[in-house]
Amino acid sequence: MRFKIALIGFGAANMLALAYIASSKPDLLPQTVIIDPTLNGGALQNQWPFVRSNTTWQQFVNAISKFSATAQYASIISGEYPAEEPTHLHVLARHLRKAVEPFMRQATLYKDSVIKVQEDNAIFNITMKNANVIQAEKVIFSPGSIPKVFNYPIPIIPLAAALDHRQVGSYVGPGDRVVLFGTAHSGCLVLKNLVDAGADVSVVYATEKPFLFARDGVYDGVKQDAADIADSVLDGRLSARLIHYSKQEEVVSALLRATFACYTIGFELDSKVKELVGEYDPKTARIGSSEMYGFGIAFPSYTEIDGKKNWDVSIPSFTEHILKTNILSKVSSE
Ligand SMILES: Cc1cc2nc3c(=O)[nH]c(=O)nc-3n(C[C@H](O)[C@H](O)[C@H](O)COP(=O)(O)OP(=O)(O)OC[C@H]3O[C@@H](n4cnc5c(N)ncnc54)[C@H](O)[C@@H]3O)c2cc1C
């Protein structure tokens, strides 16, 4: 089986990549293969469905309007939620899935995981876990990322559970002590869930101040729900102990008394995925020197401010990245 394009991973990023293919080279859809272990919407659906988005409904609708193939769907759903309000993340996953469903039907689907990608004479040989093997001329690899953790020998609350207020209470209750690392968007949401479950929380931050706010002009600063939570910690409505990471004695003392640790300190490529890929260039989205490209949380674009790279991880920024790199511009539709 030889395809023109293989989409490996089918979360938000590659659903947007499929909208891009359907918009710029629709003739390639029957020669496109999509490989993903669930094919149902990636982490937004499977890991954090009941987390409230940090983007507004309007930002989501604007993003999918940018592809001609999904623009009509965007206009149909635009009034479904208040424009300036966030929604639950499963809503975004469901609508992305529905927006690209007609194009999925034209492609070949494998509910499987890629375990090996080998390039030979400008053709990628792609091997999957269930022994399926296919070939493709171009690969768009958007496999997502996994939460980073520190290796302290303390039981952890997995991030997906910590972000779900219904699950937190199955880990902790009154009397439990938790050390939470990180005070960005996810950190704030987790902090509230832990306090609501009755836990005594120590929060370790590594930034100049405990919370950095978007309203103060900080790129990627907390906003919306997360900003409300940060405010309520700072004015004492929500009780938590704040410890700067440099105060190692205080960090160690909190850890020694803790029943659980929870980490909201960013994301990284899974080690198995790392083995599959070469060096990534965010400007071209190219991975290695060949026709393999990457998007999404695993391979994002960035905005440089005062020499610091801020990685752009959201549906609107994935859309911009895909459109800007325009990787199909030189592909014929034969
Ligand atoms: C807690 C949290 C909240 C967020 N909130 C928002 C928000 O409100 N708004 C917003 O715009 N963005 C948000 N984001 C950012 C971003 O939109 C999501 O992270 C999104 O899920 C990233 O999409 P992705 O396609 O890169 O990765 P994923 O959604 O993780 O999808 C990757 C897919 O690839 C599959 N895969 C992995 N390895 C393989 C393999 N070897 N073979 C085949 N398939 C493979 C995975 O199973 C998965 O289905 C949030 C991120 C996080 C972590």
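Reader: Where does alanine 199 lie?

Author: Alanine 199 sits in the loop between helix 8 (185–196) and strand 9 (200–205); helices (H or I, at least four residues) and strands (E, at least two) are DSSP runs, numbered from the N terminus. Keep in mind that this is a predicted model, where local features need pLDDT of at least 70, side-chain atom pairs count only at pLDDT 80 or more, and totals for chains, interfaces and linings use all residues. Numbering runs from 1 along each chain as its sequence is written.

Reader: What makes alanine 199 count as buried?

Author: A residue is buried if 20 or more other C-beta atoms lie within 10 Å of its own, exposed if 12 or fewer, and partly exposed in between, with C-beta atoms placed from the backbone. Alanine 199 has 27 C-beta neighbours inside 10 Å, so it counts as buried.

Reader: Which residues is alanine 199 in contact with, leaving aside its neighbours within four places in sequence?

Author: Those are Val172, Asp176, Arg177, Val178 and Leu194. Contact means that the two C-beta atoms, placed from the backbone, lie within 7 Å.

Reader: And which residues does leucine 194 contact, with the neighbours within four places left aside?

Author: Val168, Val172, Val178, Leu180, Ala199 and Val201. As for valine 168 and alanine 199, they are 31 residues apart along the chain, and their C-alpha atoms are separated by 9.8 Å.
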